Amino acid sequence: MQGNKEVLGLWAGQAEGAKFWLQVLTELKNRGVADMFIACVDGLKGFPESIATVFPEAQVQLCIVHQVRASLNYVSWKQRKAVAADLQPIYRASTVEEAEQRLDEFATKWDGTYPTISQMWRRNWEHLTPFFAYPADIRKVIYTTNAVESLNMSLRKVIKTRGSFPNQEAAMKLLYLALEHIAKKWTMPVQNWKAALQRFAILLGDRVPKAELA
């Protein structure tokens with residue numbers, strides 16, 4: 001509640017489907033995670049459904065960065081810059097209504113060449129737009145998994161230097177030690193956290209402990 005980043009667990013996932021994520025989230029709840037306000041995820045199969053099962057009041061926000069990357073997978077190298085530029089007005093809009101209008105404009109321009117992109121945005125719209133309920137200066141706290149991506153990049157570097165391991169346990173031990181080392185650098189709260197917390201209090205009411213807002 002102070003806005004500090006914290007790693008809540010480390011799991012080896014052979015098949016990251018709904019069953020796997022349900023086990024992870026149930027474990028977190030059993031260990032004391034009482035509530036989840038917003039879960040920012042990168043579109044992994046079965047993850048949003050599992051969140052809704054274990055934390056039914058949580059809002060699921062799909063990572064905008066991942067959504068844009070997924071959109072560009074359909075685009076030729078020559079046109080990627082133009083398509084990316086035309087996607088920006090959608091997620092940088094002031095309101096969800098304006099975002100819908102920008103998506104319509106994008107579809108009018110690009111559906112003839114890449115109809116899958118606007119279809120994908122419309123299909124995921126419910127989970128792409130929760131961040132619009134928050135002021136512009138705190139939306140980055142909500143709409144991207146960059147903090148997780150940065151952490152994963154650091155862990156990949158640790159694994160790369162070793163190359164191979166005798167078993168999974170050895171790899172997990174190394175990752176655990178690496179996480180402890182990385183977490184020591186997290187001394188500051190998330191940027192604009194106080195403003196985000198005040199907004200949570202307005203939107204979520206009694207779900208936000210009052211003592212934390214003092």
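Arg31 counts as exposed, because its relative accessibility is 52% (exposed means over 50% relative accessible area, buried under 20%, and partly exposed in between, with a 1.4 Å probe and protein chains only). This is a predicted model, so to speak of local features takes pLDDT of at least 70 and side-chain atom pairs count only at pLDDT 80 or more, while totals for chains, interfaces and linings use all residues. Residues are numbered from 1 along each chain as its sequence is written, and side-chain values use heavy atoms, with hydrogens and water left out.

**Salt bridges**

- Arg31 has a partner in Glu27: their side chains form a salt bridge at 3.4 Å, N to O (the cut-off is a side-chain nitrogen of Lys or Arg within 4 Å of a carboxyl oxygen of Asp or Glu).
- Glu27 is partly exposed, at 33% relative accessibility.
- The structure has eight salt bridges.
- Another one pairs Asp35 with Arg207, at 2.9 Å, N to O.
- That pair ties together distant parts of the chain, 172 residues apart: Asp35 sits in the loop between α1 (18–30) and β1 (38–41), and Arg207 in the segment after α10 (helices are DSSP runs of H or I with at least four residues, strands are runs of E with at least two, and both are numbered from the N terminus).
- Asp35 is partly exposed, with a relative accessible area of 28%, whereas Arg207 is buried at 19%.
- Lys173 and Glu169 also meet through their side chains in a salt bridge, at 3.7 Å, N to O.
- Lys173 and Glu169 are about one helical turn apart because they lie four residues from each other in helix α9 (residues 168–183).
- Glu169 counts as exposed, at 51% relative accessibility.
- Asp35, Glu57 and Arg207 belong to one network, joined by salt bridges that share partners.

**Nonpolar cores**

- In soluble globular proteins, nonpolar side chains tend to be buried together.
- Here the largest nonpolar core has 48 residues, and Ile51, Val83, Leu87, Ile90, Ile117, Trp121 and Phe200 have the most contacts inside it (a core is a set of buried Ala, Val, Leu, Ile, Met, Phe, Trp, Tyr and Cys residues joined through side-chain atoms within 4.5 Å).
- Helix α10 (residues 193–204) gives the most to this core, namely six residues.
- A second, separate core has six residues, among them Leu151, Ala178, Leu179 and Ile182.
- Leaving aside residues up to four places away in sequence, Leu87 touches Val68, Ser71, Phe106, Ile117 and Trp121 (contact means heavy atoms within 4.5 Å).

**Cavity**

- There is one cavity of 30 Å³ or more (on a 1 Å grid over the protein atoms alone, a cavity is a set of points where a 1.4 Å probe fits but cannot get out, and lining residues have an atom within 4 Å of a point).
- The largest cavity has a volume of about 40 Å³ (the space filled by probe spheres set on the points, with grid points joined across faces, edges and corners).
- Its lining includes Ile90, Tyr91, Trp121 and Trp125.
- Helices α4 (80–91) and α7 (125–128) each supply at least two residues of that lining.
- By class, the lining has eight nonpolar, one polar and no charged residues (Ala, Val, Leu, Ile, Met, Phe, Trp, Tyr, Cys and Pro are nonpolar, Asp, Glu, Lys and Arg charged, and the others, Gly among them, polar).

**Ser118**

- Ser118 lies in helix α6 (residues 115–123) and is buried, with a relative accessible area of 2%.
- Not counting residues up to four places away in sequence, Ser118 touches Leu103, Ala107 and Asp111.

Methods: 1 Å grid on protein atoms, 1.4 Å probe; cavity = no way out; pocket = protein on both sides within 12 Å on 5 of 7 lines; lining within 4 Å.
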